[in-house]
Amino acid sequence: MSDMAHTHDEVIQASWHRCRSFGLTPKSSPEIIQLNRGDWQDAKARANDLIATTQEQVLPYYENILVNSNSLVLLADHEGTLLSQWGRPGFVGQMDKHLFENGTSWQEKYNGTNAVGTAIQTGESVVVGRDEHFLIANRYMTASAAPIYNSDRRLVGVLNISSDAYLPTSHVNGMVKVMTQAVENQLIIATYRQHNHMLIFNTSSDNLDSQWAGMLVFNDEGMIIAANRRADLLVGQALRGLSIDLVTGISALHLSVHPENQTLSFIGLPKYRLFATVKHPQVAHIPRVTTPAAFSHTKLNVAASSPASKAPSSTSARILPMLDLGDGKMHRAIRQAQSVVNSDIPLVIQGETGVGKEVFAQAVHATSERASENLVAVNCAAIPAELVESELFGYVKGAFTGASAKGSLGYIRQADGGTLFLDEIGDMPLHVQARLLRVLQEKSVTPLGSTDSYPVDFRIVCATHQSLRDAVASKQFRDDLYYRVNGLTLFLPSLRERTDLRELVAELLMSLSDQGASPMISDDVMSLFQAHPWPGNIRQLVNVLRVALALSDGDVITRHHLSDDFFLDLQSNERTFAEIATIDKAERKAVIHNDESTDSLGNDVVKPLSSQYSPQPVIPSRWQDTLPALFHSTEGNISKIAQITGVSRNTVYKRLRQLGLK
């Protein structure tokens, strides 16, 4: 790892330096170094699981690599010895046939700079272009390779794609990374799934079925015994050896009994919310590990397991007025959207994760004159950066390794006549932003591998959980694209800010229930909902209601039907509100008093604050946020609430009625 470089050019330069130190010159011929029969059989036996996993669990999902392109897939062990190969491209015939035989070494000291040997040296994925091969004899092909690590983080092999075509190297490298991650995941599954618990997690509940999801394994004692590299990246440190409750904030006991088909969320060690599903041990003997549901969609053509989707037809999608349930901030966003719904003014929908940005975009589309055409929704954060360009703009037959034999229309052309919804646009790579800007300016799109442009007419709606202004300031988002897509920004409130929670819960219960009528929910549970911080917003509320409906089995939903995860968030929130009781009385009054000095009866009111006094802000500082928690913690004692907040009982009653608590 001492030779690891930080940029592509540094990787190639360091490799060429090593080649010269080996005594090679560019005119040297590749040296055919092969294992004898006995050593080859030993190497094959050691790598048997790796070969079987790649060939039987991963490669079948990538067969279009071989069918639709002149490419060769190579699998080598940790020493660079070829273990297996798939595909018979014509360029193999240009070289000594022994170079591609199993048992042949592709170390740099024998074959110069090459994807397999250089990936072993650096321990990272690498792309080697035609002229970047040190040996002139190898400059007939382009290759991408990535190392494969087992559950112990030990290098066990390298996966490589080689071709003699001029291909977009970033795309090929992205596909190699996808395949390598899939192999590593399957190795973990094969080793641990039968007798241990697994937690699969990601930044959104929408991409838990991606091979890019984090995966960790924990035993009955709650010790994490294995994790993939993505899991370490998401949490920010190596996970092996840590306890599961430290990482997630949830006990191993609770996770071990959590239903497999129900999403949960946690904050824990990462200090930001992640979403997860649990896989429990497969105690029964099975002859071969099968691909679990979480990875059964893994395909090279991302559109097959696409982070893009078409919205329901206008007859089933809700229109904007149907989203107006009484909250002031939602009403303002809806009214603004309706005023421009049939214009070409681009929209940016901003709000926390889970507030319903895609549902709002669907409503904009369903309300517009474009409702009879497609709404194509693309999650920019769910597509690997190397693949975004081809998925958005499309490609022609043979444009790159793995391209569909029929080519791909691309999401932008699929949205022609309708609406293109780009979710999490802030995560779009900069080079793709440049191409998107050109499409928006010219109203035409050129697929990869083509010189022909196709006119497109679509309404663009974008969404983000982050501030695009801040992203522009930090050079993470192009300012020219920002001003092109930011015609009108709509801000959706978080669930904890909304004043229409009761109406929203009733509507969600109706849509989630199969009984034809809205299930009953107890006042106690509604009070808990009012006091909850809802860090996962509406998405979290939907999951809580799904669990409650399943556990209540048609009866009235009570607190006994709520998940433990729900109460963990609630307890954290109550600790925050407990601190409010200790602050200065004037500050406590500012939280709820809302500048009212008298009630309708003109008595029992604390005098208004002096204009000279400016209390420090209290978090949360809105009475809509604090009052439900106080109502719950005091068990509805109006006098106690009035005493804590420093306002009259009449004002407390008034606010409770506004929140539907009285």
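## Largest cavity

Helix H20 gives the most to the lining of the largest cavity, with four residues. This is a predicted model, in which local features need pLDDT of at least 70 and side-chain atom pairs count only at pLDDT 80 or more, while totals for chains, interfaces and linings use all residues. Residues are numbered from 1 along each chain as its sequence is written, and side-chain values use heavy atoms, with hydrogens and water left out.

The largest cavity holds about 120 Å³ of space, and the count comes to six cavities of 30 Å³ or more. A cavity is a set of points, on a 1 Å grid over the protein atoms alone, where a 1.4 Å probe fits but cannot get out; lining residues have an atom within 4 Å of a point. The volume is the space filled by probe spheres set on the points.

## Composition of the lining

Strand S9 (264–266), helix H20 (537–552) and helix H21 (564–580) each give two or more residues to this lining; helices (H or I, at least four residues) and strands (E, at least two) are DSSP runs. Among the lining residues are His258, Phe275, Gln540, Asn543, Val544, Val547 and Asp565. By class, the lining has five nonpolar, six polar and one charged residues.

## Helix H11

The 12 residues of H11 (residues 328–339) should span 16 Å at 1.5 Å a residue, and the end C-alpha atoms are 17 Å apart, which agrees. The expected span is 1.5 Å times one less than the number of residues.

Met330, Ala333, Ile334, Gln336 and Ala337 are the buried residues of H11 (under 20% relative accessible area, 1.4 Å probe, protein chains only). They cover an arc of only 165 degrees around the axis, so they lie on the same side of H11; the arc is that of the directions from the helix axis to the C-beta atoms. These buried residues pack against helix H12 (357–367) and strand S18 (488–491), with contact meaning heavy atoms within 4.5 Å.

Technical notes:
On a 1 Å grid over the protein atoms alone, a cavity is a set of points where a 1.4 Å probe fits but cannot get out, and a pocket is an open set with protein on both sides within 12 Å along at least five of seven lines; lining residues have an atom within 4 Å of a point. Ala, Val, Leu, Ile, Met, Phe, Trp, Tyr, Cys and Pro count as nonpolar, Asp, Glu, Lys and Arg as charged, and the others, Gly among them, as polar. Buried means under 20% relative accessible area, exposed over 50%, partly exposed in between (1.4 Å probe, protein chains only).
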